[in-house]
Amino acid sequence: MSDSTPDMTDPSGRQDTAARLRNLTTRLLSLAAIHSDRLVNEELARADARKWHYAVLATLDEFGPASQAGLSRRTGIYRGDMVTVINELADRGLVERSPNPADRRQNVITVTEQGHRQLLTLDKILSQVQDQTLAPLTTPEREQLARLLTALVDHHGQSM
């Protein structure tokens, strides 16, 4: 076998990857994120949901009724996209839109009982995906990873 012929005998598939790629933390982070994102999207799609649906429902559940602009700030979803997300959730009966009594130009978005039930379903789905994604890690390692990722996200100013 020549040096240019890949050795396909390594079941991990890593032997054919250059060491500098195997050890590049940002690349590993990206690969793990791609895998996790794919699993999350696939499993949420089975429940006829998307990540943005979950973000809005979880935010409303935790903080209570909010304006679309407030939801946009808390979730990191662009205002223009938020309109679409709210429309999708309202069409499914998961949220209600009502005029803000203090400012009739604004809508107040509230999670419905059906939306709360959907959120609990999505919580279970995402918990299972998280367990699947993090399966090789112990509980302390998972907690450490969460702390480290939170530090990175906070440092770079991303909304969680």
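**A first tour**

Modeller: Let's start with Leu28, which is partly exposed, with a relative accessible area of 34%. Keep in mind that this is a predicted model.

Colleague: Where is Leu28 found?

Modeller: Leu28 sits in helix 2, which covers residues 25-46.

Colleague: Let me zoom out. How many helices and strands does the protein have?

Modeller: Seven helices and three strands. Along the sequence the pattern reads α-α-α-β-α-α-β-β-α-α.

Colleague: What share of the residues counts as buried?

Modeller: 23% of the 160 residues.

Colleague: And how much accessible surface is there?

Modeller: About 11100 Å² for the protein. Carbon and sulfur atoms hold 52% of that surface.

Colleague: What about contacts between residues 24 or more positions apart?

Modeller: Take the contacts with a separation of 6 or more. Residues 24 or more positions apart account for 46% of them.

Colleague: New topic: helix packing. How does one describe two packed helices?

Modeller: By the angle between their axes and the distance between the axes.

Colleague: Why do helix 3 and helix 4 count as roughly perpendicular?

Modeller: Angles of 65 to 115 degrees count as roughly perpendicular. The angle here is about 105 degrees, so helix 3 and helix 4 are roughly perpendicular to each other.

Colleague: Which residues make the contact?

Modeller: From helix 3, Ala55, Val56, Thr59, Leu60 and Phe63. From helix 4, Leu71, Arg74 and Thr75.

Colleague: I also see His53 in helix 3. Buried or exposed?

Modeller: His53 is buried. Its relative accessible area is 2%, and the cut-off for buried is under 20%.

Colleague: What is His53 in contact with, leaving aside neighbours within four places in sequence?

Modeller: Asp48, Val85, Glu88, Leu89 and Arg92.

Colleague: Where is Asp48 found?

Modeller: In the loop between helix 2 and helix 3.

Colleague: And what is its phi?

Modeller: Asp48 has a positive phi of about 55 degrees, although Asp48 is not a glycine.

Key. Residues are numbered from 1 along each chain as its sequence is written. This is a predicted model: local features need pLDDT of at least 70, side-chain atom pairs count only at pLDDT 80 or more; totals for chains, interfaces and linings use all residues. Side-chain values use heavy atoms; hydrogens and water are left out. Helices (H or I, at least four residues) and strands (E, at least two) are DSSP runs, numbered from the N terminus. Buried means under 20% relative accessible area, exposed over 50%, partly exposed in between (1.4 Å probe, protein chains only). Axes are lines fitted to C-alpha atoms, for helices over the stretch in contact, and angles run from 0 to 180 degrees between N-to-C directions. Angles under 35 degrees count as roughly parallel, over 145 as roughly antiparallel, 65 to 115 as roughly perpendicular and the rest as oblique. Contact means heavy atoms within 4.5 Å. Accessible areas come from the Shrake-Rupley method with a 1.4 Å probe; for residues, only the protein chains shown count as cover.
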